[in-house]
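Work through the exercises below with the sequence and the model in view. Each task is followed by a solution in steps.

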Amino acid sequence: MALLEIRNIVRRFGDFTAVDGVSMDIEAGEFFTLLGPSGCGKTTLLRMIAGFDSPQSGEMLLDGKDLASIAPEKRPIHTVFQSYALFPHMTVAENIAFPLRMRKLGKGEIGERVRQSLEDVRLTDRGGRYPGELSGGQRQRVALARALVNRPRLLLLDEPLAALDMKLREQMQLELINLQKEVGITFIYVTHDQTEALALSHRIAVMNGGKVEQLDEPSKIYDSPKNRFVADFIGTCNLIDAEVSVAGEEKMVLQIRGLGEVAARNPGATGGAKGILALRPEKVRIAAQLAPEDDENHFKGRVHDFLYMGDVTVYIVEVGDGVHVEALLPNSAAGRPRILAVGDPVEIAWRYDAGTFLDG
Amino acid sequence: MAKHLGKWLISGPPVLYLIVFFVIPTCIMVLASFRYAGEYGGLAPVLLHDASGAHLNLTLESYQEFFSDFIYSWLFIKTLVYALVTTFCCLLMAYPLALLIARSASKYRDLLVLLVILPFWSNFLIRIYAWMILLGPQSAFSAALNGFLGIFGVGPVRLLFTPFAVVLCLIYVQLPFMVLPLYANLEKHDPALLDAAQDLGANAWQRFWRVTFPLSLPGIYAGVALVFVPVLGIFAVPDILGGTRGIMIGNLIKQEFLEARDWPFGSALSIMLTIGAMIIVGGAALFAGRRRSGDV
Amino acid sequence: MSKKLLAASGIAVYAFLYLPLVVVVAYSFNNSKLNAEWVGFTWHWYQVLLSDDTMLKAAGNSLLIALTASLASTVLGTMAGYALYRYKLKLLPVLVMAPLAIPEILVGVSLLIFFVAINLTLGLLSIMLSHIAFCVGFVAIVVRSRLSGMDESLPEAARDLGATPFQAFRLVTLPLIAPGIIAGALLAFTLSIDDFVITFFTAGVGASTLPLQIYSMIKIAVTPEVNAISTLLMLLTLFLIVVASRLSPDSIRGR
């Protein structure tokens, strides 16, 4: 039995359906991420799990028990809010003591657990400070400590790193992963940042328009997106309209307008099916001249445009009759790598199984 | 269920209080305007009992009286003119001040705004009384003004108990209501807009008329509404400074209630005043709304 | 507009705002029965004031009314402000704002008719009830503005960490909006002690307040005693407003 079972949850606000029949199982000890653009329903779903909102239909079971009739304060679920929601009129220590006081623990035990908790987040000397006197990263750690001090069954995190700058965010990502491993508490993490989701999670549910588009491990989500939305939302991707001309057992041949025939892996499509070929730029090889290899699609073209990004250069290559394909070249060669200029003739190639054909 | 209980426990008492001490009195006043005046002031009974039983004792007399004598409509028009002049003068005086505050260094802004509001927090009557002293025949202000006029051979003028005194004091008491919304608007303007206008070749006047002024129109509308409406109902200013020539509709209402004791007519006047104010404000809002949507 | 012209006109308007009040204060120390030329400094008018029984009685009434009205309207106004913030009620915003939006004279006369209709003798009680009615809205606005400045997730965080709705209100919401409530109370006190128009209609012959007393003195015979009481009243108001704006700057200034 999963720790949290979500069954057909629907939440409407007037005409707008924020969460549209979502079902998922979250296992104990998991770092689970809800990923999607703003307005996709991820925060609404999180608020329903916390108990601040209730679904119009569907049910949520925690350890097999229905959550519907349990008030937020009675749920063994705590939240790290996007704004952190630290009580500004209480010191750091009082903030962390708050959930313990609500459980009416003894003074001595509260003191001991607060001390321990401050130590865990390396804020021992900040207990007497007010939240307003802390830096962004410190506030974040207090919010985590406060939500964890009660040892909840489930910790909900609503874009907790959104307010931090880039450097601090990367550091906090590592801390979050380690913390989750240490405490072994199940995390449900909400974010619109795909890099963050890929870096942190055991599993990701990609949401859009109130529905789950794909639920899988990060590498599966990235390598085998299920549909156009996921392919487009996660990372960058060449999305090329294509039609299946010959469908084989394992391979197939796609007909692409302006380019001709392209070999691809067959995910189970039949001849005549229309869809798109999703191809990650880093899986496309590019050079002035390429020695052809087996099982590769090989095309000659010209550099249409390029973006120098420091670590890599992104080339937009025009092949065939006006088809644009993005390819990525690491700038890792010794010395200054020669940058292909606009208009230079180039060759590109990718293995038949580098891309994914998506129906529809 | 518990949610709704909390909602009613919290909003119930204030709602109940405001219904009893605001909504019901207002309804009673509306009803009063259709009743007859009592023999010794106040109101005659709503129900009359006679041989044929009880029947309603209501009348349109008060409203008929209002339209039968032009003097009342004239008083309305006069009040309207006072309010318009007051509003216009407030705008003229408030705009430079609001602009000055909005363009001064941000650390002084709060202080400068506070300085505008402080006099407004002093007692209403004291502010009127202050003008009574200033405009009085013995005051240095009057003496200086008459001395100045004397140079041009104009005889000494009386300031106190004139329409001039009324409008001057109305401007004085209403000025902050114009400054504040104007400032709130002007303060939000992006200074880069003026730089952009200058960069594109606009001189100081063009920058003002083409950029600042059109952007401040919402602030002007708000200020005009805040100044104009309360002036319509004011009675203390003309009562103290206006003499007989300077009275406004508020004085007539006060008189009907406290001196003439014709409550139905006083109520009718109050309702006419409210309706008049609503028509003007509604019309202005409509105009402002059309103006704004037309701009886009 | 040129900078100098702007500054000059701004200073002129400030002078216009303050000159009358300065004159009132100055004449309260003038050793002359007339508000005309400066004769010499004196405390005389303050002494006259302190031995004026009618004035002292009126001041006592004003204080009593302001205390009662501010206390009651703070309780009702805080509830209304919280309800405005928390619940989407259609009627409440109209009910709270309307008394502040319509000309004061109408509130005054309608309350007069109402009190007579229910046979309530005009006096202290009718004044208090009227003052509460118009102060509730002001307190509600101040409290609501304080509430909407509060991070909405704070009371939710309290619930999330195990507090009941009542505990969340008592331990988190209430301490956070307390400055707003106190500012609202001071505002209500100031409005009540300064009110003239509504008091004028609901006082009857029985009770007098400071503004009513000032009014009758202005109407009958102007003596510098009025300057003295005006100066004191200005000082009191100034003090209350400074305290209130310290507690809740936005709600007082940005109204």
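**Exercise 1.** How many residues of chain C are in contact with chain B, and how many of chain B with chain C?

*Solution.* This is a predicted model, in which local features need pLDDT of at least 70 and side-chain atom pairs count only at pLDDT 80 or more, while totals for chains, interfaces and linings use all residues. Residues are numbered from 1 along each chain as its sequence is written, and chains are lettered from A and ligands numbered from 1 in the order in which they are written.

Step 1. Two residues are in contact if their C-beta atoms, placed from the backbone, lie within 7 Å. By this rule 63 residues of chain C touch 62 residues of chain B.

Step 2. Helix α1 (residues 3-27) of chain C gives the most to chain C's side, with 13 residues. Helices here are DSSP runs of H or I with at least four residues, strands are runs of E with at least two, and both are numbered from the N terminus.

Step 3. Sorted by class, chain C's side holds 52 nonpolar, 8 polar and 3 charged residues. Ala, Val, Leu, Ile, Met, Phe, Trp, Tyr, Cys and Pro count as nonpolar, Asp, Glu, Lys and Arg as charged, and the others, Gly among them, as polar.

Step 4. There are 2 pairs of chains in contact, and chains B and C share the most contacts. Chain A and chain B have no contact, and their closest C-alpha atoms lie 12 Å apart.

**Exercise 2.** Describe helix α5 (residues 104-117) of chain C.

*Solution.* Step 1. Its 14 residues reach 20 Å from first C-alpha to last, close to the 20 Å expected at 1.5 Å a residue; the expected span is 1.5 Å times one less than the number of residues.

Step 2. In α5(C), 13 of the 14 residues are buried (20 or more other C-beta atoms within 10 Å of the residue's own, with C-beta atoms placed from the backbone).

Step 3. After α5(C) comes C:N119, with a positive phi near 65 degrees.

**Exercise 3.** What is the strand order in the open sheet of 5 strands in chain A?

*Solution.* Step 1. The order is β13-β12-β11-β14-β20, with antiparallel pairing; two strands pair if DSSP finds at least two bridges between them.

Step 2. β13 (260-265) and β20 (356-359) of chain A are at the edges, and each has a single partner strand, so one side of each lacks a neighbour in the sheet.

Step 3. Strand β14 (residues 274-279) of chain A is joined to β20(A) by 4 bridges. One bridge pairs A:A278 with A:T356 in β20(A).

Technical notes. Buried ≥ 20, exposed ≤ 12 C-beta atoms within 10 Å, placed from the backbone.
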